[in-house]
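Good morning, and thank you for making time for this item.

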Amino acid sequence: MDTSKAFPTLRVVTHPLVQHKLTILRDRETPTKIFKELVEEIAMLMAYEATSDVELEKIEVDTPLETTNGRQIAGKKMTLVPILRAGLGMVEGIYRLVPNARIGHIGLYRNHDTLEPVDYYFKVPGDAAERDFFVLDPMLATGGSAAAAVTSLKRAGATRIRFLCLVSAPEGVRRLAGAHPDVTIYTAALDRELNTQGYILPGLGDAGDRLFGTR
Ligand code: PRP
Ligand code: URA
């Protein structure tokens with residue numbers, strides 16, 4: 001994983017499998033079915049990195065031969081929180097790694113004119129203060145959606161929050177890190193910039209539309 005002097009809370013997942021799959025994801029010719037599978041796979045590989053420091057506790061386990069010491073993830077269940085819609089594409093891959101995770105949902109869409117997020121849904125487990133939250137969204141563009149999602153989670157009591165995205169723009173990382181310096185941001189790529197419509201360049205286009213075949 002790479003860190004960045006400009007963005008101390010940013011971690012770029014440089015694993016060759018992630019970078020290989022991301023390149024196919026960017027390709028405009030990649031069809032919806034493959035796009036969806038790749039988002040799941042990259043999310044799973046990124047989650048492996050993003051969970052590398054979660055707390056473990058000792059537990060005794062009976063093998064068929066004897067009792068030994070094992071480790072299990074400590075505390076309350078991890079909670080995945082996709083930002084609707086596109087974040088949904090990242091849930092399944094991570095859920096396969098962490099099958100006892102809880103899943104919350106945050107509904108946000110960008111107003112096309114102002115590029116500011118409009119929220120329409122929020123549901124997470126009640127005991128938020130005791131959980132590790134993983135907010136999921138493939139795209140961190142202006143950072144408005146991500147920052148708003150984290151603000152809502154904190155309002156609900158969350159204190160331990162990580163943000164996972166596939167592609168990020170410097171503008172978005174700056175905004176999210178500025179508003180929430182306690183949130184580590186995991187990304188597969190830090191791209192060059194935003195265009196005037198708020199799309200990431202070079203990016204991969206509209207993640208929601210490519211995932212769900214809408215336009
Ligand atoms: C996209 C993306 C993020 C947001 C990023 O969602 O999935 O949620 O834009 O942009 P920002 O960093 O400038 O806020 P969109 O609003 O298109 O909604 P959708 O997932 O329902 O398509
Ligand atoms: N949302 C997307 O889906 N893609 C972008 O490039 C920016 C925001």
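This is a predicted model: local features need pLDDT of at least 70, side-chain atom pairs count only at pLDDT 80 or more; totals for chains, interfaces and linings use all residues.

Let me begin with the aromatic residues. A pair of aromatic rings is described by the distance of the centres and the angle of the planes. How many aromatic pairs does a search of the whole structure find? The search returns one. The partners are tyrosine 109 and tyrosine 120, with 6.1 Å from centre to centre and 35 degrees between the planes. The pair is classed as tilted, because planes under 30 degrees apart would count as stacked and those over 60 as edge-to-face.

Where do the two partners sit in the fold? Tyrosine 109 belongs to strand 7, residues 105-110, and tyrosine 120 to strand 8, residues 117-123, so the contact ties together parts that are eleven residues apart in sequence. As to accessibility, tyrosine 109 is partly exposed, with a relative value of 46%. Tyrosine 120 is likewise partly exposed, at 44%.

There is a further ring contact to note. Arginine 110 is placed over the face of tyrosine 199, 5.8 Å from the ring centre.

Tyrosine 109 and arginine 110 come up again in the largest pocket, where both are among the residues closest to its centre. The volume of this pocket is about 650 Å³. Its lining comprises 29 residues, and those closest to the centre are Tyr109, Arg110, Ser145, Asp206 and Gly208. Which elements give two or more residues to that lining? They are strand 5 (79-84), strand 7, strand 10 (139-140), helix 4 (144-155) and helix 6 (207-212). By class, the lining holds 14 nonpolar residues, ten polar and five charged.

I turn now to the hairpin. Strand 3, residues 56-62, and strand 4, residues 67-73, pair in the antiparallel sense, with seven bridges between them. Four residues separate the two strands in this hairpin.

Next, the backbone. Most residues other than glycine have a negative phi, and most peptide bonds are trans. Two peptide bonds and one residue deserve attention on that account.

The bond joining leucine 84 and arginine 85 is cis, with omega at about -5 degrees. Arginine 85 is in the loop between strand 5 and helix 3 (88-97). Strand 5 is also one of the elements that contribute to the pocket lining.

The bond from leucine 201 to proline 202 is cis as well, its omega being near 0 degrees. Proline 202 is in the loop that runs between strand 14 (200-201) and helix 6, and helix 6 is another contributor to the lining.

As for phi, leucine 115 has a positive value, near 65 degrees, although it is not glycine. This residue is in the loop between strand 7 and strand 8. Is leucine 115 buried or exposed? At 17% relative accessibility, leucine 115 counts as buried, since the cut-off for that class is under 20%.

Finally, a word on the start of the chain. Threonine 3 is part of strand 1, residues 2-3. With a relative accessibility of 59%, threonine 3 is exposed. Between threonine 3 and arginine 160 there are 20 Å in space, C-alpha to C-alpha, and a separation of 157 residues in sequence.

That concludes my presentation. Thank you.

Conventions
Residues are numbered from 1 along each chain as its sequence is written. Chains are lettered from A and ligands numbered from 1 in the order in which they are written. Side-chain values use heavy atoms; hydrogens and water are left out. Rings of Phe, Tyr and Trp (its six-membered ring) pair if their centres lie within 6.5 Å; planes under 30 degrees apart count as stacked, over 60 as edge-to-face and the rest as tilted. Buried means under 20% relative accessible area, exposed over 50%, partly exposed in between (1.4 Å probe, protein chains only). A charge sits over a ring if NZ of Lys or CZ of Arg is within 6 Å of the ring centre and within 35 degrees of the ring normal. On a 1 Å grid over the protein atoms alone, a cavity is a set of points where a 1.4 Å probe fits but cannot get out, and a pocket is an open set with protein on both sides within 12 Å along at least five of seven lines; lining residues have an atom within 4 Å of a point. Grid points are joined across faces, edges and corners, and a volume is the space filled by probe spheres set on the points. Ala, Val, Leu, Ile, Met, Phe, Trp, Tyr, Cys and Pro count as nonpolar, Asp, Glu, Lys and Arg as charged, and the others, Gly among them, as polar. Two strands pair if DSSP finds at least two bridges between them.
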